[in-house]
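Please open the model in your viewer and keep the sequence panel beside it. The tour moves from one selection to the next, and each stop says what to look for.

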Amino acid sequence: MGVLSATAGIAANRYFYLQPISAFHQIREISLSFSSRLPTSLSSVSVSSISSRVVTSPSSRLVSKASVSTASDAAVSDNIGDVLGDVTIFKATGEPVIFKDLWDQNEGVAVVALLRHFGCVCCWEFASDLKKAMPRFDAAGVKLIAVGVGEPEKARLLGERLPFPMECLYADPERKAYDLLGLYYGLGRTFFNPASKKVFSRFESLKKAMENYTIQATPSDRSSVLQQGGMFVFKGKELLYARKDEGTGDHAPLGDVFSACNVPVA
């Protein structure tokens with residue numbers, strides 16, 4: 001436990017220092033602020049909880065489907081729409097709901113954005129971008145579904161303080177959808193993956209996302225801070241687009257998402 005605690009502490013302090021700070025002097029203010037807000041109880045993450053998430057079980061391993069537009073190395077099964085449809089998550093108000101009840105399972109188009117967790121600053125930034133895109137989704141008849149790891153009350157903190165529409169916000173405290181979709185998990189992906197350096201080019205948007213940010217939105221299960229997110233677009237049960245986030249802040253380009261669900265170019 002001592003080695004893991006030390007590793008987690010180093011990771012937390014280096015979160016925004018994946019490259020020499022001299023090359024990223026503009027983000028010094030936000031990096032120091034975020035480092036000080038990381039959960040102190042991250043050291044309580046157990047070795048068993050990490051190892052249980054690193055290896056994907058055979059039953060949930062996903063097989064490539066050539067017809068799907070993918071980014072990263074996202075892989076999907078032919079019946080992922082059916083399988084995901086039976087997963088139960090929670091509205092921000094606390095009521096349980098299953099995925100297949102969230103959009104028309106025949107012809108409805110849905111953008112399913114899986115955030116890392118509700119206490120992630122980069123996820124507040126991405127939620128802000130999704131909110132700005134909502135008028136375009138709405139005009140095209142596309143349903144936006146934003147899911148985050150944590151309890152419903154954590155989702156409400158993000159929804160109230162960012163703010164973000166509660167009717168589009170859902171909580172997956174046990175990471176059921178994340179495991180099913182094979183999204184990445186672990187210390188390396190969270191703190192040291194090269195894809196995470198993209199955050200350095202987004203100083204202003206990250207700073208704005210932190211205006212009403214609270215660390216209290218972090219999930220009670222601190223091992224959840226090691227979860228990565230992803231983006232999926234469905235038409236009915238058919239998967240049109242799939243992307244796994246390679247690292248923290250490595251979000252799907254919204255232009256690709258718009259194209260996948262035929263949202264007109266602005």
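In this predicted model, begin by selecting Val111 and displaying what surrounds it: setting aside residues up to four places away in sequence, Val111 touches Phe137, Val142, Lys143, Leu144, Ile145, Met231, Phe232, Val233, Val257 and Cys261. Now widen the selection to the largest nonpolar core, which has 43 residues and in which Val111, Phe137, Phe164, Met231 and Val257 touch the most other members.

Next, go to strand E4, which covers residues 109-117, and select His117 within it. Is His117 buried or exposed? With a relative accessibility of 4%, His117 falls below the 20% limit and therefore counts as buried. Show its surroundings, and you will find that, not counting residues up to four places away in sequence, His117 touches Cys123, Val149, Thr218, Pro219, Ser224 and Val225. A polar atom of the His117 side chain lies 3.0 Å from the backbone nitrogen of Gly119. Then draw a distance between the C-alpha atoms of His117 and Gly148, which are separated by 4.9 Å although the two residues are 31 residues apart along the chain.

From there, move to E7 and E8, which pair in the antiparallel sense over 6 bridges. To see one of the paired positions, select Phe232, whose bridge partner in E8 is Ala242. The two strands, E7 and E8, form a hairpin with 2 residues between them, and Gly236, in the turn, has a positive phi of about 60°. Strand E8 itself, residues 238-244, is mostly covered, with 5 of its 7 residues buried.

For the last stop, follow the chain into the loop between E8 and H10 and select Asp250. Which residues surround Asp250, once its neighbours within four places in sequence are left aside? They are Ala195, Lys198, Arg243, Lys244 and Asp245, each of them in contact with Asp250. The relative accessible area of Asp250 is 1%, and so this loop residue is buried.

How values were computed: Residues are numbered from 1 along each chain as its sequence is written. This is a predicted model: local features need pLDDT of at least 70, side-chain atom pairs count only at pLDDT 80 or more; totals for chains, interfaces and linings use all residues. Side-chain values use heavy atoms; hydrogens and water are left out. Helices (H or I, at least four residues) and strands (E, at least two) are DSSP runs, numbered from the N terminus. Buried means under 20% relative accessible area, exposed over 50%, partly exposed in between (1.4 Å probe, protein chains only). Contact means heavy atoms within 4.5 Å. A polar contact is a pair of N or O atoms within 3.5 Å; within protein, one must be able to donate a hydrogen and the other to accept it, and residues adjacent in sequence count only if both atoms are side-chain atoms. A nonpolar core is a set of buried Ala, Val, Leu, Ile, Met, Phe, Trp, Tyr and Cys residues joined through side-chain atoms within 4.5 Å. Two strands pair if DSSP finds at least two bridges between them.
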